[in-house]
Amino acid sequence: MRLAHLWDQSKCIGCGACVAACNAANYESTDAPNPTWGGLRTNILRITFDLEAKPYLLLVQCQHCENAPCVSVCPTGASYVDGDGLVKIKPELCIGCKYCMTACPYGMRWLEPETGLPRKCMSEECLDRLKAGLQPVCVTVCPASARAFGDLDDPGSEVSKRLRGGRVIRLLANKGTRPKYFVVVGR
């Protein structure tokens with residue numbers, strides 16, 4: 001099993017529902033700032049490029065890399081790739097050294113000031129949803145169906161179907177991390 005996220009940039013309307021839902025589900029709708037990224041406490045980073053003639057939006061989150069640098073640098077084994085293919089954190093093993101934050105080429109971990117520990121996609125609420133057979137909240141709330149989640153090894157999964165039907169990129173693919181966050185950029 002290799003669970004993966006897909007974001008279809010060509011369908012996204014930029015409403016921010018995924019970001020707000022992540023904040024609500026995983027961080028109790030706190031308005032406390034994310035001290036690492038700024039903005040809301042969420043596991044999705046919204047990057048807007050103001051190119052005047054054609055604004056550009058990029059939604060980035062943990063790539064759940066198959067060759068995850070955050071896992072290889074972790075001195076305690078707190079960061080690991082689970083049997084479902086997701087990169088996860090065991091908080092009880094984390095010593096807050098921040099090596100994982102430095103190693104991630106995507107900058108997709110952020111530091112929770114109250115605990116001094118890194119946070120990332122997926123947080124507890126979304127992991128509980130997966131155990132219950134549900135989709136992550138960002139996928140569920142998207143009004144444009146721009147998001148999908150599923151098993152790359154299952155040809156019938158929504159992710160697999162959509163990967164066959166679109167032009168897809170992986171962010172920073174040249175880093176050798178084998179990210180499992182796919183961005184559909186066209187048909």
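This section describes the overall fold, the salt bridges and the backbone geometry of a predicted model.

The protein contains six helices and ten strands. Its radius of gyration is 16 Å, close to the 16 Å that the globule rule gives for 187 residues, so the protein is as compact as a globular protein of that length. Along the principal axes, the C-alpha atoms fill a box of roughly 45 × 35 × 35 Å. Of the 187 residues, 47% are buried. Contacts between residues at least 6 apart in sequence were also examined. Of these, 56% join residues at least 24 apart.

The accessible surface of the protein comes to about 9,100 Å². Carbon and sulfur atoms account for 54% of that area. The protein carries 23 positive and 18 negative charges.

Ten salt bridges were found in a search of the whole structure. One of them joins the side chains of E66 and R2, with an N to O distance of 3.1 Å. E66 lies in the loop between β3 (56–60) and α2 (69–73), and R2 lies in the segment before β1 (3–8), so this pair ties together parts that are 64 residues apart in sequence. Both partners are partly exposed. E66 has a relative accessible area of 29%. R2 stands at 28% relative accessibility.

R2 also forms a salt bridge with D153. Here the closest N and O atoms are 2.9 Å apart. This pair again links distant parts of the chain. D153 sits in the loop between β8 (147–151) and α6 (158–164), 151 residues from R2 in the segment before β1. At 40% relative accessibility, D153 is partly exposed.

Another salt bridge pairs R162 with D8, the closest N and O atoms being 3.9 Å apart. R162 belongs to helix α6 and D8 to strand β1, so the pair ties together parts that are 154 residues apart in sequence. R162 counts as buried, at 15% relative accessibility. D8 is buried as well, with a relative accessible area of 2%. Beyond individual pairs, salt bridges with shared partners join R2, E66, D153 and R178 into one network.

The peptide bond from C121 to M122 is cis, with omega near 5°. M122 lies in the loop between β7 (117–119) and α4 (124–131).

H64 is not a glycine, yet its phi is positive, at about 45°. H64 is placed in the loop between β3 and α2. H64 counts as buried, because its relative accessibility of 1% falls under the 20% cut-off.

L172 likewise has a positive phi, of about 50°, although it is not a glycine. The residue lies in the loop between β9 (167–170) and β10 (181–186). At 37% relative accessibility, L172 is partly exposed.

Terms used:
Residues are numbered from 1 along each chain as its sequence is written. This is a predicted model: local features need pLDDT of at least 70, side-chain atom pairs count only at pLDDT 80 or more; totals for chains, interfaces and linings use all residues. Side-chain values use heavy atoms; hydrogens and water are left out. A salt bridge is a side-chain nitrogen of Lys or Arg within 4 Å of a carboxyl oxygen of Asp or Glu. Helices (H or I, at least four residues) and strands (E, at least two) are DSSP runs, numbered from the N terminus. Buried means under 20% relative accessible area, exposed over 50%, partly exposed in between (1.4 Å probe, protein chains only). The radius of gyration is taken over C-alpha atoms; the globule rule is 2.2 Å times the number of residues to the power 0.38. Contact means heavy atoms within 4.5 Å. Accessible areas come from the Shrake-Rupley method with a 1.4 Å probe; for residues, only the protein chains shown count as cover. Lys and Arg count as positive and Asp and Glu as negative; His and the chain ends are not counted. The place of a charge is taken as NZ of Lys, CZ of Arg, CG of Asp or CD of Glu.
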